Amino acid sequence: MSDADHFGAYDGNDGEEKGDTHDAQAAPGEHAEAEGEHLGPVGAQGKGPPGVAGPPGQNGWDSSNGPQGPGDSKGPGSGQESGGPLPIPMPRSSVEDTGMPLPDPPPAPLLLEHRVLQSLLGAWALAACSPEETAAVEEHLGLCGACADEALRLREAVGLLHKPESLDLDPRLRCRVLEGALERRPPRIPVPDWAVPYDAEAARLDALLQDFGDAEWHAPVRLHWFEGDKPTSRRTTVAKVIAHLLAVDGLVTLALGLDDPLGDITAPAQTPAGRTEAFWQAAHFPHTRSVRGPWREQSHNLVRTASFAGGGSGQLSVPYGDFELPLRDAMLDRAFECWVHAADIADAVDYPYEPPAPRQLYRILELAARMLPRVLAARRQAGLAGPGSARHLVPAGTPGRTLRLEIEGSGGGEWLIPLDSPGALASADLEVAHVALDGVEFCRLAAGHISPLEAAAGQKGDREAIRDVLFAAASMSRM
């Protein structure tokens, strides 16, 4: 391609070429428009690339000025006549010339002694200083290394004071919404009261699992429980915890006449641990998010079947291998384990998880209090609990030694625990010990997550009886 083809061809007119050169003869009012046209995109008709001029001697390009800036082939120093002076903006007027009031001068910084500034570090870390004090402290931190280190430690400590907040709705809100809805329109087939806690806890766990990615499903989870008087733990994953819940809930499904989730898998023992181990070992690949669907469907079937069966179904027996529970207690037991393992999963993914609503927490605590006498008697037969001051068990229906269990906090209450026999009558007149515990702490003890010796309890009375009851509560835990 020739230079004439690239930069514009001569059309025979006096001194005019097709292309950029006609801009030099434009009227002064057209100069700005021509300037804007020269800044068009690369490849526009009659234009070269922005900022590229013709070779020396063509199109008014002045080699003495060097290459021009992007899209600026004219102007002062370009060797071209613009046809008139460029408009120059008027100078800006100062604030003093406008007659407007001048802004207030910045306040003078505070001059404080070192000891005063050092005493303000705590308030500064909590963002409780005035603007003047904040400016003085921050100026001082740039000069004093010791105070800067102390301020950094205080700011990190303040971060620990703010507990992470859960994005999930408060469990009490769900209860209030359901109660309001059921008052307006009672259900045709109501859910039994003893099945409501399991329904609520399964729904909360399902909501927690809803947005889990692949990494969260394989996050490590540490399960804790007590065997005898020794703590035990097992490392697993989030997916395998849901598989564990699926296998153990299968004991209740079998009692209701539903299909066993294990299918053709044969467990060596129909206990929660035996069924779980068999289910884990039968998997050819590690459990993944696919286990959520069967567990979710089974939990819905449990609540639906219990509702259709009516209130009388609560007396059905659910075998756990070593013991049996009526269906109404088994559903509370499943609600408790669902909450405990949901909290384990939330800890594994660093997510806050709230305890159940007070009404549901009370039902769980009441079940644990009713189970304590039988667990205590079984430990005494195994030689894990002492006979205390009584050398023989009192006959059934006879008042005997009693421990007062006081559960504090929302959902708490007081229960009298007979110590000498599961069939003995608890009597306030024969109270030999008193134990006070927070409701959530007692549940953590019953789940095997804290040691009986470390339980934050108010204790009064017979120390041996208190120790036996605390260890009996911890021995109710299982995998």
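**Close-up views of a predicted model**

**Figure 1. The surroundings of Tyr353.** Tyr353 is found in the loop that joins H14 and H15; helices (H or I, at least four residues) and strands (E, at least two) are DSSP runs, numbered from the N terminus. The model is predicted: local features need pLDDT of at least 70, side-chain atom pairs count only at pLDDT 80 or more, and totals for chains, interfaces and linings use all residues. Residues are numbered from 1 along each chain as its sequence is written, and side-chain values use heavy atoms, with hydrogens and water left out. With a relative accessible area of 15%, Tyr353 is buried (under 20% relative accessible area, with exposed over 50% and partly exposed in between; 1.4 Å probe, protein chains only). Not counting residues up to four places away in sequence, Tyr353 touches (heavy atoms within 4.5 Å) Glu201, Arg204, Leu205, Leu208, Trp339, Ala342, Ala343 and Ala346. Arg204 is 149 residues from Tyr353 in sequence, yet their C-alpha atoms are 9.5 Å apart in space.

**Figure 2. Glu337 and its polar contacts.** Glu337 belongs to helix H14 and counts as buried, at 7% relative accessibility. Its side chain makes polar contacts with the side chains of His244 (2.7 Å) and Arg334 (2.4 Å). A polar contact is a pair of N or O atoms within 3.5 Å; within protein, one must be able to donate a hydrogen and the other to accept it, and residues adjacent in sequence count only if both atoms are side-chain atoms. Leaving aside neighbours within four places in sequence, the contacts of Glu337 are His244, Leu245, Val248, Arg478 and Met479.

**Figure 3. Helix H16 and its buried residues.** H16 spans residues 439-446, and Gly439, Phe442, Cys443, Leu445 and Ala446 are buried in it. Seen down the helix axis, the buried residues fall within an arc of 155 degrees (taken from the directions from the axis to the C-beta atoms), so they line one face of H16. They pack against helices H14 (327-348), H15 (358-381) and H17 (463-475), and against strands S5 (399-408) and S7 (425-438). At the N-terminal end, Asp438 caps H16, with a side-chain oxygen 3.1 Å from the backbone nitrogen of Val440. Gly448, which follows H16, has a positive phi, near 80 degrees.
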